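I opened this notebook to record which side chains pair up. The entries follow the order in which I looked things up.

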Amino acid sequence: MMSVIQRVKQARVEVDGRITGQIEQGLLVLVCAERGDTEAEADKLLAKMLKLRIFSDAAGKMNQSVQDVDGKGGCGGLLIVSQFTLAADTRGGNRPSFTAAAAPDEGRRLYNYFVDKARAAHPVVQTGEFAADMQVHLLNDGPVTIPLRMEPQTAA
């Protein structure tokens with residue numbers, strides 16, 4: 001399972017002119033399930049993301065996680081957006097291949113699992129809409145953009 005995490009001052013997702021999710025300071029999380037991914041990869045990705053120290057402390061060092069900071073002494077928000085295009089393979093020409101992405105039904109199942117787990121672990125979670133044509137608006141903070149990937153474990 002892979003993601004691109006962006007530290008934001010604010011972010012929102014719109015579908016057909018309506019806001020489906022919106023946060024103030026926190027993380028915009030673009031997430032993609034790949035073929036072979038399971039709940040184990042989703043769990044590892046979420047755990048890493050929640051503890052990733054990419055917010056500044058009082059000394060200006062990146063030393064706080066999204067669980068530590070919202071600018072008011074509490075946690076920041078998560079805006080989780082499905083994005084199968086993260087699995088793009090551009091090695092063979094100019095048109096990307098997305099065969100590494102999970103099949104749509106499996107991608108939806110793992111995305112929903114990831115969101116449910118995030119909501120159980122973190123108080124502020126908003127989302128985009130799976131398989132929708134979304135417009136994502138963000139005010140990137142830094143900018144700080146971190147790719148994270150948890151590869152499926154193979155049987156030995």
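I began with Arg 18 and Glu 129, whose side chains form a salt bridge at 2.7 Å, N to O. I took a salt bridge to be a side-chain nitrogen of Lys or Arg within 4 Å of a carboxyl oxygen of Asp or Glu. Arg 18 is in strand S2 (residues 18-23) and Glu 129 in the loop between S7 and S8, so the pair ties together parts 111 residues apart in sequence. Strands here are DSSP runs (E, at least two residues) and helices are runs of H or I with at least four, numbered from the N terminus.

I noted that this is a predicted model, where local features need pLDDT of at least 70 and side-chain atom pairs count only at pLDDT 80 or more, while totals for chains, interfaces and linings use all residues. Residues are numbered from 1 along each chain as its sequence is written, and side-chain values use heavy atoms, with hydrogens and water left out.

Next I checked accessibility (buried under 20% relative accessible area, exposed over 50%, partly exposed in between; 1.4 Å probe, protein chains only). Arg 18 is partly exposed at 42%, and Glu 129 is partly exposed at 29%.

I then searched the whole structure and found 8 salt bridges. One of them joins Arg 7 to Asp 141, with the closest N and O atoms 3.3 Å apart. Arg 7 is buried at 8%, and Asp 141 is buried at 14%. Lys 9 also meets Asp 141 in a salt bridge, at 4.0 Å. I recorded Arg 7, Lys 9 and Asp 141 as a network of salt bridges.
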